[in-house]
Amino acid sequence: MAYLSSVTAYSTVLLASLFAGYILFTGSGTQFNPGAFLEQTSPYVWALTGMGLNIGLSVAGAGWGIWITGASILGGSVRTPRIRTKNLISIIFCEVVGIYGVITSIVFSAKLVASPSLESLYTPSNYYTGYALFWGGLTSGVCNLLCGIAVGISGSNAALADAADPQLFVKVLVIEVFSSILGLFGLIVALLMSGKAADFA
């Protein structure tokens, strides 16, 4: 599996290098223009992409965490049925990660208002708002994805530790709470990034 992924990565880099060399040495180097791409893409596209990534990655993190935790709760409850109800707190922590993404996207959507004309859409203020919402959404989404995985792993260990010794549950739960706070940090950073952005005008 590792061999296949490294071959894929090297092949991608090789193809990108060949394409870049082709457009550079055939006199078409101006076709590769990231600045034109950034200017020609609508600020609404950047904002909506950031909001979509925010919700998508947050829900993926929540689902991944529930999958990891749920498997351990089900497996551990076969031998120790008492852990089923107490360890549902881990599932709730994973769900909160998805809710962080939804909250952030709802706050972002308040900045989306209809632009009166196409000329007034491409203004520096609208570009700033679009980029701020994109990067804020991406930051929050990635934080929530990693937070969901962290909560899932710590929740899984909490379930297995509780099955082995009931006194360990509270101690491991403290670690799980700290894992859950990572998603809250992502939400706060995203709100700070978009706080100075004005509504679309």
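Where is S105 found? I looked this up to get started, and S105 is found in helix 5. Helices here are DSSP runs of H or I with at least four residues, strands are E runs of at least two, and both are numbered from the N terminus.

**Ground rules.** I am working with a predicted model, where local features need pLDDT of at least 70, side-chain atom pairs count only at pLDDT 80 or more, and totals for chains, interfaces and linings use all residues. I count residues from 1 along each chain as its sequence is written, and side-chain values use heavy atoms, with hydrogens and water left out.

**Back to S105.** I checked its surroundings next. S105 counts as buried, at 4% relative accessibility. Buried means under 20% relative accessible area, exposed means over 50%, and partly exposed is in between, using a 1.4 Å probe and protein chains only. Leaving aside residues up to four places away in sequence, S105 touches M51, N54 and I55. A contact needs heavy atoms within 4.5 Å.

**Domains.** I looked up how the protein chain is divided. The assignment gives domain 1 as 1-32 and domain 2 as 35-194; such bounds come from an automatic or database domain assignment. Taken over C-alpha atoms, the centres of domain 1 and domain 2 are 33 Å apart.

**UniProt notes.** UniProt positions are in the numbering used here, feature names are shortened, and annotations may be inferred rather than shown by experiment. In the model, residues 50-107 are 93% helix and 0% strand, with end C-alpha atoms 12 Å apart. Residues 135-193 are also 93% helix and 0% strand, and their end C-alpha atoms lie 8 Å apart.

The entry also has "transmembrane region" on residues 7-25, 45-67, 88-112, 132-156 and 168-193. I checked two of these spans, starting with 45-67, which is 100% helix and 0% strand with end C-alpha atoms 32 Å apart. For 132-156 I again found 100% helix and 0% strand, and the end C-alpha atoms lie 36 Å apart.

**Helix 7.** How far apart are the end C-alpha atoms of helix 7? They are 39 Å apart, which agrees with the 39 Å that its 27 residues (169-195) should span at 1.5 Å a residue. The expected span is 1.5 Å times one less than the number of residues.

I then listed the buried residues of helix 7, among them F169, V172, L173, E176 and G183. The buried residues of this helix pack against helix 4 (83-86), helix 5 (88-109) and helix 6 (124-164). I also noted that K86 lies over the face of F169, 5.0 Å from the ring centre. A charge sits over a ring if NZ of Lys or CZ of Arg is within 6 Å of the ring centre and within 35 degrees of the ring normal.

I181 is found in helix 7 too, and at 27% relative accessibility I181 counts as partly exposed. I181 and F93 are 88 residues apart in sequence, yet 9.7 Å apart in space, C-alpha to C-alpha.

**Aromatic rings.** How many aromatic pairs does the structure hold? I found 5. Rings of Phe, Tyr and Trp (its six-membered ring) pair if their centres lie within 6.5 Å; planes under 30 degrees apart count as stacked, over 60 as edge-to-face and the rest as tilted.

Why is the pair of W46 and Y131 edge-to-face? Their ring centres are 5.5 Å apart and the planes sit at 65°, so the pair is edge-to-face. This pair links distant parts of the chain, with W46 in helix 3 (residues 43-79) and Y131 in helix 6, 85 residues apart. W46 is buried at 12% relative accessibility, while Y131 is partly exposed at 25%.

F134 and W135 have ring centres 4.9 Å apart and planes at 80°, so they are edge-to-face. F134 is buried at 10% relative accessibility, whereas W135 is partly exposed at 45%. I jotted down that W46, Y122, Y127, Y131, F134 and W135 form one aromatic cluster.

Not counting residues up to four places away in sequence, W46 touches F37, L38, T41, G130, Y131 and F134.

**Last look.** I ended on I153, which is found in helix 6. I153 is partly exposed, with a relative accessible area of 42%. I153 and I66 are 87 residues apart in sequence, and their C-alpha atoms are 9.5 Å apart.
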